Amino acid sequence: MLNKKEFGLRLREVRKASDEQQKDLADFLDISTAQVSDMENGKKTTTLERLVLICEHYNVSSDYLLGLSDAP
């Protein structure tokens, strides 16, 4: 089952590890900074298309971001 908080924590972790700001990710995904904030705070998720972009951008697996695996 999807855990939005886990997704948000891991998304924030990989974004910060890449030394990016929320605005950088928002611009890359063509969404607002508020939407990135909502994802990182576990309030919302994203589309499958954007999930794929995030995974490719940060070179992590979707299983990792979704909390299904502990290996990025």
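Asp-70 is exposed, with a relative accessible area of 65%. Please keep in mind that this is a predicted model. Asp-70 forms a salt bridge with Arg-10, and the closest N and O atoms are 2.7 Å apart. This pair links distant parts of the chain, since Arg-10 is in helix α1 and Asp-70 in the segment after α5, 60 residues apart. Is Arg-10 itself buried or exposed? Arg-10 counts as buried, at 9% relative accessibility. So this salt bridge has a buried partner, Arg-10, and an exposed one, Asp-70.

Next, a second pair. Arg-12 and Glu-40 meet through their side chains in a salt bridge, at 3.4 Å from N to O. Arg-12 belongs to helix α1 and Glu-40 to helix α3, residues 33-40, so the pair ties together parts that are 28 residues apart in sequence. Glu-40 is buried, with a relative accessible area of 2%, whereas Arg-12 counts as partly exposed at 23%.

As a reminder, an α-helix has 3.6 residues a turn, so residues three or four places apart point the same way. Asp-27 is partly exposed, with a relative accessible area of 48%. Lys-23 also counts as partly exposed, at 48% relative accessibility. Elsewhere, salt bridges that share partners join Glu-6, Arg-10 and Asp-70 into one network. In total, the structure holds 5 salt bridges.

Now a charged residue without such a partner. Glu-20 lies in the loop between α1 and α2. Glu-20 is buried, yet has no salt bridge. How far away is the nearest side chain of opposite charge? That side chain is Arg-15, and the distance is 6.7 Å. Leaving aside residues up to four places away in sequence, Glu-20 touches Arg-15, Leu-25, His-57 and Tyr-58.

Tyr-58 brings us to helix α4, which covers residues 48-58. Leu-51, Ile-54, Cys-55 and Tyr-58 are buried in this helix. Why do these four fall on the same side of α4? They cover an arc of only 95° around the axis, and that puts them there. The buried residues of α4 pack against α1 (4-17), α2 (22-29) and α5 (62-65). On the face turned away from the buried side, α4 carries the exposed residues Glu-49 and Glu-56. After α4 comes Asn-59, whose phi is positive, near 55°.

Last, the chain as a whole. It has 5 helices and 0 strands. The radius of gyration is 11 Å, close to the 11 Å that the globule rule gives for 72 residues, so the chain is as compact as a globular protein of that length. Along its principal axes, the C-alpha trace spans about 25 × 25 × 20 Å. Of the 72 residues, 31% count as buried. Among contacts between residues at least 6 apart in sequence, 55% join residues at least 24 apart. The accessible surface comes to about 4500 Å², and 49% of it belongs to carbon and sulfur atoms.

That's all from me.

Methods: Residues numbered from 1 in each chain as written. Predicted model: local features only at pLDDT ≥ 70, side-chain atom pairs only at ≥ 80, totals over all residues. Heavy atoms only, no water. Buried < 20%, exposed > 50% of the residue type's maximum accessible area, 1.4 Å probe, protein only. Helix = DSSP H or I, 4+ residues; strand = E, 2+ residues; numbered from the N terminus. Arc of directions from axis to C-beta. Contact = heavy atoms within 4.5 Å. Lys, Arg positive; Asp, Glu negative; His and termini not counted. Salt bridge = Lys/Arg side-chain N within 4 Å of Asp/Glu carboxyl O. Rg over C-alpha atoms; globule rule 2.2 N^0.38 Å. Areas by Shrake-Rupley, 256 points an atom, 1.4 Å probe, with all protein chains shown as cover.
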